[in-house]
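Student: I would like to learn how to read a few features of a model. Could we take them one at a time?

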Amino acid sequence: MRYLLIFLLASGSVSAAEWSLRDGDVPLTRAEVGALEGRVLRFYDDGQSRYSAGGAYSYTYSAENGGGTAFGTFEVTNDGSVCTEFRNGFHRCDLFVHSNGRLVLINEKGERYPVRPDETH
């Protein structure tokens, strides 16, 4: 995993200072991100992320988006962002923030994906 992080940083992934934060966004701490392990996070398009203990990751697409599941591994970095390496070679880093009372995932492009509040427990 350490080599994955070095690769991601060297390949131009977003650093903590470059995230597209809005007023009121509060990034989750490493401990808060760690508390997401073992939970299923459901998004408003009905896609579901699962961050499993031990670093396993899966994302299941909604039926409207073709269904299917992408598998990979994840690591929480020092700034609290989550970097995922998928089995197909794709990789990305995301940042979770508290924003106006909700949990929101921000990807490297600055796109925002709110998590359904009933799915974060």
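Student: Where does Asn88 lie?

Tutor: Bear in mind that this is a predicted model. Asn88 sits in the loop between E6 and E7.

Student: Is Asn88 buried or exposed?

Tutor: The cut-off for exposed is over 50% relative accessible area. Asn88 has 66%, so Asn88 is exposed.

Student: What does the side chain of Asn88 reach?

Tutor: That side chain reaches the backbone nitrogen of Phe90, at 2.9 Å. As for separation along the chain and in space, Asn88 and Phe71 are 17 residues apart in sequence, with their C-alpha atoms 8.4 Å apart.

Student: Phe90 is an aromatic residue. With which residue does Phe90 form a tilted aromatic pair?

Tutor: Planes under 30 degrees apart count as stacked and those over 60 as edge-to-face, with tilted for the rest. Phe90 pairs with Phe86: the ring centres are 5.7 Å apart and the planes make 35°, a tilted pair.

Student: Which of these labels, buried or partly exposed, applies to Phe86, and which to Phe90?

Tutor: Buried means under 20% relative accessible area, and partly exposed lies between that and 50%. Phe86 has 8%, so Phe86 is buried. Phe90 has 47% and therefore counts as partly exposed.

Student: How many aromatic pairs does a search of the whole structure find?

Tutor: The search finds 7. In one of them, the rings of Tyr51 and Phe96 have centres 6.0 Å apart and planes at 80°, so that pair is edge-to-face. The pair joins distant parts of the chain, since Tyr51 is in strand E3 (residues 48–51) and Phe96 in strand E7 (residues 91–99), 45 residues apart. Both Tyr51 and Phe96 are buried.

Student: Which residues form one aromatic cluster?

Tutor: The cluster consists of Tyr51, Tyr57, Phe74, Phe86, Phe90 and Phe96.

Student: How should I read the largest nonpolar core, and which residues have the most contacts inside it?

Tutor: A nonpolar core is read as a set of buried residues joined through side-chain atoms. The largest one here has 16 residues, and Tyr51, Val82 and Phe96 have the most contacts inside it. Two or more of its residues come from each of strands E4 (56–60), E5 (69–76), E6 (82–86) and E8 (102–107). A second, separate core has 7 residues, among them Cys83, Val97, Val104 and Ile106.

Student: What is Val82 in contact with, leaving aside its neighbours within four places in sequence?

Tutor: With those neighbours set aside, the contacts of Val82 include Val33, Tyr51, Phe74, Arg92 and Phe96. Glu75, Val76, Cys93 and Asp94 are in contact with Val82 as well.

How values were computed. Residues numbered from 1 in each chain as written. Predicted model: local features only at pLDDT ≥ 70, side-chain atom pairs only at ≥ 80, totals over all residues. Heavy atoms only, no water. Core = buried A, V, L, I, M, F, W, Y, C linked by side-chain atoms within 4.5 Å. Buried < 20%, exposed > 50% of the residue type's maximum accessible area, 1.4 Å probe, protein only. Helix = DSSP H or I, 4+ residues; strand = E, 2+ residues; numbered from the N terminus. Contact = heavy atoms within 4.5 Å. Phe/Tyr/Trp six-rings, centres within 6.5 Å; stacked < 30°, edge-to-face > 60°. Polar contact = N/O pair within 3.5 Å; in protein donor to acceptor, adjacent residues only side chain to side chain.
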